[in-house]
Amino acid sequence: MIFGGIQKTTLVDYPGKVACVLFTLGCDFKCSWCHNPELSSANLIPQQPIIDQSEVFSFLESRKGLLQGICITGGEPTIQPDLIDFIRRVKEMGFLLKLDSNGSHPETLEKLITGDLVDYIAMDIKNRQSQYEKTIGCPTDFYKVQKSIELVKTAPDYEFRTTVVPGLVSEEDILEIAEIIDGSKRYYLQPFQSKKTAGFDYDKKSVLKKPDLEKIRDKIKHRFDTCEVRG
Ligand code: SF4
């Protein structure tokens, strides 16, 4: 596992749990608006200090009984070839495990779910199918995203979420995404945060603010147990 960061405590990243966050380095998508470019951009990754896995385990040992859960995020954790082995060790230590994923590796999600190795999955739905590659900045196999959606619905607990990126994700797109994931447990709309992107150029007038997103939420919330605007 290649880690680029640890957040030692969080009360907000794992719903209802006191947790830490482990950030993996590298991503197979190239979202120009990425909020963690230091973990995903090929230009910035070399400047990022790498945290040794033994250091991560020492930290986790010291937090046994203090933290309830661990969130693994990125970057994209499922591109790490030893993710499953790592998670198995973490689960043996007694922690609950939340995984954030872009859904590009359904085969890994399947192994984690069927192996009882994950307690919560948060999957990004970047856009509807016709807009997907434009939104993530590279070609992708949308079938894998669809397969991941179906798998994630079988996880012990889960959420789907969409960052509403100005110029890339419209109300029409959100309405279609809501149809694709109709009947899911949780769906969150996330307002775009410009602070951390690596120079993403966008029209400020096209930003959908929280009240705009709340109006869209009201049109789709009947499809989900929970549907909220974050932030
Ligand atoms: S999938 Fe997530 S981590 Fe990867 S480039 Fe897109 S926003 Fe960044």
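Predicted model: local features only at pLDDT ≥ 70, side-chain atom pairs only at ≥ 80, totals over all residues.
Local features are reported at pLDDT of at least 70 and side-chain atom pairs at pLDDT 80 or more, while totals for chains, interfaces and linings use all residues. Residues are numbered from 1 along each chain as its sequence is written, and side-chain values use heavy atoms, with hydrogens and water left out.

Two packed helices are described by the angle between their axes and the distance between the axes. Helices (H or I, at least four residues) and strands (E, at least two) are DSSP runs numbered from the N terminus; axes are lines fitted to C-alpha atoms, for helices over the stretch in contact, and angles run from 0 to 180 degrees between N-to-C directions. Helix α2, residues 53–62, packs with helix α3, residues 83–92, at an angle of about 20°, and their axes are 11 Å apart. The two helices are therefore roughly parallel, a term for angles under 35 degrees. The crossing of α2 past α3 is right-handed, that is, the near helix is turned clockwise from the far one by less than a right angle. Gln53, Val56, Phe57 and Leu60 of α2 make the contact with Phe86, Arg89 and Val90 of α3, where contact means heavy atoms within 4.5 Å. By class, these residues are five nonpolar, one polar and one charged; Ala, Val, Leu, Ile, Met, Phe, Trp, Tyr, Cys and Pro count as nonpolar, Asp, Glu, Lys and Arg as charged, and the others, Gly among them, as polar.

Helix α3 also packs with α4, at an angle of about 25° and with the axes 11 Å apart. This makes α3 roughly parallel to α4, and α3 passes α4 in a right-handed crossing. Here Leu83, Ile84 and Ile87 of α3 meet Thr108, Lys111 and Leu112 of α4, a contact of four nonpolar, one polar and one charged residues.

Helix α6 (residues 142–152) has Phe142, Val145, Ser148, Ile149, Leu151 and Val152 buried; buried means under 20% relative accessible area, exposed over 50% and partly exposed in between, with a 1.4 Å probe and protein chains only. The buried residues of α6 pack against α4 (106–114), β5 (120–124), α5 (132–136), β6 (158–164) and α7 (171–180).

Thr163 belongs to strand β6 and is buried, at a relative accessible area of 16%. Its side chain forms a polar contact of 3.1 Å with that of Gln190; such a contact is a pair of N or O atoms within 3.5 Å, and within protein one must be able to donate a hydrogen and the other to accept it, with residues adjacent in sequence counting only if both atoms are side-chain atoms.

His105 lies in the loop between β4 (96–101) and α4 and is partly exposed at 22% relative accessibility. Beyond its neighbours within four places in sequence, His105 contacts Asp28, Thr78, Ile79 and Ser148. His105 and Asp28 are 77 residues apart in sequence, with 9.9 Å between their C-alpha atoms.

Two backbone features remain. Most residues other than glycine have a negative phi, and most peptide bonds are trans. Gly74 and Gly75 are joined by a cis peptide bond with omega of about 10°, and Gly75 sits in the loop between β3 (69–73) and α3. Asp116, although not a glycine, has a positive phi of about 55°; Asp116 lies in the loop between α4 and β5 and is exposed, with a relative accessible area of 64%.

Note on methods:
Parallel < 35°, antiparallel > 145°, perpendicular 65-115°, else oblique.
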